[in-house]
Amino acid sequence: MPKDKKPTAALIYDFDGTLSPGNMQEFSFIAALGMSKEDFWEKSNRMSEDNDANGILCYMKLMLDEAAYRHISLKRESFRNFGREIELFNGVEEWFDLINDYGKKRGVTIKHYINSSGLKEMIEGTKIASKFENIYACSFIYDTDGKAVWPAVAVDFTTKTQFLFKISKGISSVSDNKEVNKYMPEDERPIPFRRMIYFGDGDTDIPCMKMVKQNGGHSIAVYNPKKQKKEVAKHLIREERVNFICPADYGKDSEIYKIVTTIIDKIKSDFEFESLLKKHKSKAGGLIK
């Protein structure tokens with residue numbers, strides 16, 4: 001095995017409820033509308049039910065409708081400004097550098113990704129936006145004046161799973177629907193599923209958490225200890241949908257840090273073991289006449 005060859009691990013995060021203690025619209029956008037969060041989501045849910053429509057598309061339409069009614073400009077920079085007000089769980093701002101440093105010491109390249117039903121434009125306004133290799137999330141189409149006019153991408157629980165394959169195959173484009181469906185052996189992918197760690201908190205994350213776990217990777221369900229009891233997340237382990245459950249605390253002394261660093265150790269050990277097997281298989285092949 002070449003000395004400079006090392007495995008790459010993908011750490012993939014939901015956003016609302018996973019890195020942030022709430023829906024991102026609730027920190028400043030809904031307040032700017034003069035609405036309560038309860039009224040906003042009740043109106044969004046009613047729109048979805050009355051029209052038998054996708055809930056993600058409905059919340060995006062409601063954002064546009066309510067902002068237009070109140071003459072609030074929704075340009076890309078407007079969303080980013082709202083994103084700057086989003087709160088993060090303890091330790092999140094330092095988390096990415098901590099894990100990158102640990103991976104570097106262990107000889108594992110770490111890449112971070114967002115896989116969210118929230119808004120990409122708002123996430124781009126947060127302090128941690130630069131930490132991600134790619135942000136897969138909902139987004140808008142903008143007119144010639146730069147105003148949001150229509151959903152460009154709507155990410156629900158089934159859409160989220162396709163982004164796992166894009167990450168695995170090294171595809172950054174959201175619009176690509178050809179390369180992502182081409183066959184690529186697991187061992188030839190830039191990031192096999194077994195080198196993924198998925199972080200989520202809610203129902204929209206369950207298909208991804210289970211898919212990663214079933215394909216040899218690891219899934220972590222987080223919960224807000226100030227609002228949720230651990231019991232709420234335990235059913236995910238009992239139903240074999242996740243490997244671990246942790247409070248949403250990302251500090252260096254946290255449970256989630258210990259779990260993730262242990263998984264990184266395992267990824268490195270598995271990689272070295274796989275490389276050793278390949279080396280000996282290659283030697284044996286060379287002896288066959």
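**Salt bridges and surroundings**

Mentor: Happy to. Let's start with Lys268, which forms a salt bridge with Glu272, their closest N and O atoms being 3.4 Å apart. A salt bridge here is a side-chain nitrogen of Lys or Arg within 4 Å of a carboxyl oxygen of Asp or Glu. Keep in mind that this is a predicted model, where local features need pLDDT of at least 70 and side-chain atom pairs count only at pLDDT 80 or more, while totals for chains, interfaces and linings use all residues. Residues are numbered from 1 along each chain as its sequence is written, and side-chain values use heavy atoms, with hydrogens and water left out.

Trainee: Where do Lys268 and Glu272 lie?

Mentor: Both are in helix H10, 4 residues apart, which is about one turn of the helix. Helices (H or I, at least four residues) and strands (E, at least two) are DSSP runs, numbered from the N terminus.

Trainee: And is Lys268 buried or exposed?

Mentor: Lys268 is buried, with a relative accessible area of 14%, whereas Glu272 is partly exposed at 39%. Buried means under 20% relative accessible area, exposed over 50%, and partly exposed in between, using a 1.4 Å probe and protein chains only.

Trainee: How many salt bridges does the structure hold?

Mentor: The structure holds 19. One of them joins the side chains of Glu124 and Arg80, at 2.9 Å from N to O. Glu124 lies in the loop between helix H6 (120-123) and strand S3 (134-142) and Arg80 in helix H4, so the pair ties together parts that are 44 residues apart in sequence. Glu124 counts as partly exposed at 24% relative accessibility, and Arg80 counts as partly exposed at 26%.

Trainee: What about Arg195 and Glu274?

Mentor: Their side chains meet in a salt bridge at 3.2 Å, N to O. Arg195 sits in the loop between helix H7 (157-169) and strand S5 (196-200) and Glu274 in helix H10, so this pair ties together parts that are 79 residues apart in sequence. Arg195 is buried, with a relative accessible area of 11%, while Glu274 is partly exposed at 22%.

Trainee: Switching topic: what is Phe79 in contact with, leaving aside its neighbours within four places in sequence?

Mentor: Phe79 touches Met63, Leu74, Leu119, Glu121, Met122, Phe140, Tyr142 and Ala148, once neighbours within four places in sequence are set aside. Contact means heavy atoms within 4.5 Å. Phe79 is in helix H4 (residues 76-83) and counts as buried, at 0% relative accessibility.

Trainee: How far apart are Phe79 and Ala148?

Mentor: They are 69 residues apart in sequence and 9.7 Å apart in space, C-alpha to C-alpha.

Trainee: Last one: where is Val149 found?

Mentor: Val149 is in strand S4 (residues 148-153) and counts as partly exposed, at 38% relative accessibility.
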